[in-house]
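Open the model in your viewer and keep the selection tool ready. This tour goes stop by stop.

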Amino acid sequence: ATLAAAGIGAFLVPNGKVTQAQSVKRVAVYGGAFDPPTNSHMTCASEIVHSGCADEVWLVPCGPRPDKPKLKTPALDRYCMCQVAVNTVFSPEFPIRVSDIDTRREMAAFTYDLLCSLRDAHPGVQFTFVIGSDWLQPGTSIADWTSLNHKWKPGMPESEKYIVTGDKLLREFEFLVIPRPGYDVPRTTADPTGLKAFGPRLQWMKMPE
């Protein structure tokens, strides 16, 4: 009972000893403003679960975004709206949750920093970041995404306030790509998915046949 409650499986090996194995939970991180959360958001989250690409989906409303002046709804309100939407549309047993990890911040975290925070807070969980195929178009590059330079202090050059972390983001985390109409990704014989050009850990969300 204790092993089951901890999510740990026990099995016998040839020498007769019991070995414990912890299964890794796969969580898809579905970030956004969610101002407001829509039926399309709920449908997308549900499809990720049904696709088998993740065991759970966590909606992560972003914290305050000074770079988006049109986003005026407080982060806590958007978090509450997501909770209402998820609990209205899905049963309590359905594996879609809402995380407040970003709404509790004074400013929204950069993607790499957010995923690192989740990884540190939930060891043993494999996090996959959900993006649309619109992020894989000419003129956009995840490798160029930045984070706050935590070593930066007032008085230092403004150019050093941010550092590029997109390369680490692509190396350290999985990406689940949602096809979006009008945003096709070219595919070749050498790269049937079309995703290898963008990073080593990207996969399309596909529904089981």
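What follows is a list of selections, with what is there at each stop.

**Before you start.** This is a predicted model: local features need pLDDT of at least 70, side-chain atom pairs count only at pLDDT 80 or more, and totals for chains, interfaces and linings use all residues. Residues are numbered from 1 along each chain as its sequence is written, and side-chain values use heavy atoms, with hydrogens and water left out.

**Whole chain.** Show the cartoon. You have five helices and 10 strands. These are DSSP runs, numbered from the N terminus: helices are H or I with at least four residues, strands are E with at least two. Of the 209 residues, 38% count as buried. Buried means under 20% relative accessible area, exposed over 50%, and partly exposed in between (1.4 Å probe, protein chains only). Among contacts (heavy atoms within 4.5 Å) with a separation of 6 or more, 66% join residues 24 or more positions apart.

**Largest nonpolar core.** Select L118, L136, I142, L169 and F175. In this core of 26 residues, they touch the most other members. A nonpolar core is a set of buried Ala, Val, Leu, Ile, Met, Phe, Trp, Tyr and Cys residues joined through side-chain atoms within 4.5 Å. Now colour the elements that give two or more residues to this core, including β3 (25-32), α4 (111-121) and α5 (166-172). α4 gives the most, with five residues.

Zoom in on L118. What is L118 in contact with, leaving aside its neighbours within four places in sequence? Select V29, W58, I101 and F127.

**Second core.** Select M42, A54, F94 and V130. They are among the 24 residues of a second, separate core.

**Salt bridges.** The structure holds nine. Each is a side-chain nitrogen of Lys or Arg within 4 Å of a carboxyl oxygen of Asp or Glu.

- Select E172 and R119. Their side chains meet in a salt bridge, 3.1 Å from N to O. E172 lies in α5 and R119 in α4, so the pair ties together parts 53 residues apart in sequence. E172 is partly exposed at 26%, and R119 is partly exposed at 31%.
- Select D167 and R171. Their closest N and O atoms are 3.8 Å apart. Both lie in α5, four residues apart, about one turn of the helix.
- Select R104 and D100. Here the closest N and O atoms are 3.2 Å apart. R104 is exposed at 59%.

**Last stop.** Select P186, in the loop between β9 and β10. P186 is exposed, at 67% relative accessibility. Its C-alpha atom is 9.9 Å from that of L136, 50 residues away along the chain.
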